[in-house]
Amino acid sequence: MQELFNDILNTDGVNGVMLLAVNGELLFKAFPKAIKEAPEKQNWRFFIESLEGMRETDLIFEKGRIYIRKTDIGYLVIFMALSVPISMIRLNCDILLPSLKAPKSGRRIGRFFKK
């Protein structure tokens, strides 16, 4: 899964990426630099529930920025510096989103019965 996020992680100023499932489970994390506390130890359920109905958001703080994008399987959270061009991050997310689709059940059956 790392290769899916390489374009985002290789952008100057991006400090990390997390992919959270709809139930709050941490599906993927990549932080090029060491962080103070491991994301696996956090309960992300409340955070995910507070994002209900949100498609994307850009949170700007004094020393950084967090970009959150809804996917079919959960939420993509990107941690970055203030200087990162958000248009580049959005473009990379638009390219990445089709790869993060939930598997469809019954797809094999449809192929089996197809004439």
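**Close-up views of a predicted model**

R55, E56 and R90 are linked in a network of salt bridges. This is a predicted model, in which local features need pLDDT of at least 70, side-chain atom pairs count only at pLDDT 80 or more, and totals for chains, interfaces and linings use all residues. Residues are numbered from 1 along each chain as its sequence is written, and side-chain values use heavy atoms, with hydrogens and water left out.

**View A. E56 bridges R55 and R90.** A salt bridge here is a side-chain nitrogen of Lys or Arg within 4 Å of a carboxyl oxygen of Asp or Glu. The closest N and O atoms of E56 and R55 are 3.1 Å apart. For E56 and R90 the N to O value is 3.3 Å. This second pair links distant parts of the chain: E56 sits in strand β3 and R90 in helix α3, 34 residues apart. Helices (H or I, at least four residues) and strands (E, at least two) are DSSP runs, numbered from the N terminus. R55 has a relative accessible area of 52%, so it is exposed. E56 is partly exposed at 27%, and R90 is partly exposed at 34%. Buried means under 20% relative accessible area, exposed over 50%, and partly exposed in between (1.4 Å probe, protein chains only).

**View B. R65 and D58 meet in a salt bridge.** Their N to O value is 3.2 Å. R65 is buried, with a relative accessible area of 13%. D58 is partly exposed at 24%. The structure holds five salt bridges.

**View C. Five strands form an open antiparallel sheet.** The order is β2-β1-β5-β4-β3. Strands β2 (26-30) and β3 (56-60) are the edges, each pairing on one side only. Two strands pair if DSSP finds at least two bridges between them. Five bridges join β3 to β4 (residues 65-70). E56 has R69 in β4 as its bridge partner. Helix α3 (residues 86-96) packs on the sheet and touches β1 (14-21), β3, β4 and β5 (74-80).

**View D. F5 is buried at 0% relative accessibility.** F5 lies in the segment before α1 (6-9). Leaving aside neighbours within four places in sequence, F5 is in contact (heavy atoms within 4.5 Å) with V17, L19, F28, L76, L96 and L100. The C-alpha atoms of F5 and M18 are separated by 9.7 Å, and the two residues are 13 apart along the chain.

**View E. I95 is exposed in helix α3.** Its relative accessibility is 57%.

How values were computed:
Axes fitted to C-alpha atoms, helices over the stretch in contact; angles between N-to-C directions.
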